[in-house]
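Reader: Could you take me through this structure? I would like to begin with the overall fold and then turn to details.

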Amino acid sequence: MRIPRDFTIQTKSTSKRLNRATSRYKSIILDLLGDEPFGETPKQNYTTVPALMVQVPAIDSDALPTKLTNYNYSLTVFPNGTAVAASFSIYGAMAAIETFSQLVLHSGFINASSINIKDSPQYEHRGFMMDAG
């Protein structure tokens, strides 16, 4: 699958945090494409992934994460190039976008014909730091 130069990350969320993240990750993904056009291979040989649709509930907000924040997400890229990330919170959605960005190779391709990822944290806490001094 190929990521085109006009790739977008779309969401209907009004979350400022999520919208900043989508902008940041779109830049990261497009930077992977480089300045050179895609070789001499005809584009029709590759499925194009034109956009990543990010779905979060309308009630989700910019509230800071808490112990109860749901970080679960699913990320699906269908064989026809449709890409969907779904989560119950903006924080799970941001994790899904991060995962998608890691699937894009430096050549602008995703080395798979379809993808289905369901992820959630194994532990209740994301991290812990203690200053012993």
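Predicted model: local features only at pLDDT ≥ 70, side-chain atom pairs only at ≥ 80, totals over all residues.

Reader: How many helices and strands does the chain have?

Author: The chain has two helices and five strands. Along the sequence they follow the pattern β-α-β-β-β-α-β.

Reader: And what percentage of the residues is buried?

Author: Of the 133 residues in the chain, 37% are buried. The accessible surface is about 8600 Å², with 53% of that area belonging to carbon and sulfur atoms.

Reader: At what angle do α1 and α2 pack?

Author: The angle is about 0°, and the axes of α1 and α2 are 10 Å apart. Because angles under 35 degrees count as roughly parallel, α1 is roughly parallel to α2.

Reader: Which residues meet there?

Author: On the α1 side they include Leu18, Tyr25 and Ile29, and on the α2 side they include Ile90, Met94 and Phe100. The residues of this contact divide into eleven nonpolar, two polar and two charged.

Reader: Changing topic: where is Ser13?

Author: Ser13 is in the loop between β1 (8–11) and α1 (16–32).

Reader: Is Ser13 buried or exposed?

Author: Ser13 counts as buried, because its relative accessibility is 14% and the cut-off for buried is under 20%.

Reader: What does Ser13 touch?

Author: Leaving aside residues up to four places away in sequence, Ser13 touches Leu18, Asn19, Val56 and Ile90.

Definitions and conventions: Residues numbered from 1 in each chain as written. Heavy atoms only, no water. Helix = DSSP H or I, 4+ residues; strand = E, 2+ residues; numbered from the N terminus. Buried < 20%, exposed > 50% of the residue type's maximum accessible area, 1.4 Å probe, protein only. Contact = heavy atoms within 4.5 Å. Axes fitted to C-alpha atoms, helices over the stretch in contact; angles between N-to-C directions. Parallel < 35°, antiparallel > 145°, perpendicular 65-115°, else oblique. Nonpolar A, V, L, I, M, F, W, Y, C, P; charged D, E, K, R; others polar. Areas by Shrake-Rupley, 256 points an atom, 1.4 Å probe, with all protein chains shown as cover.
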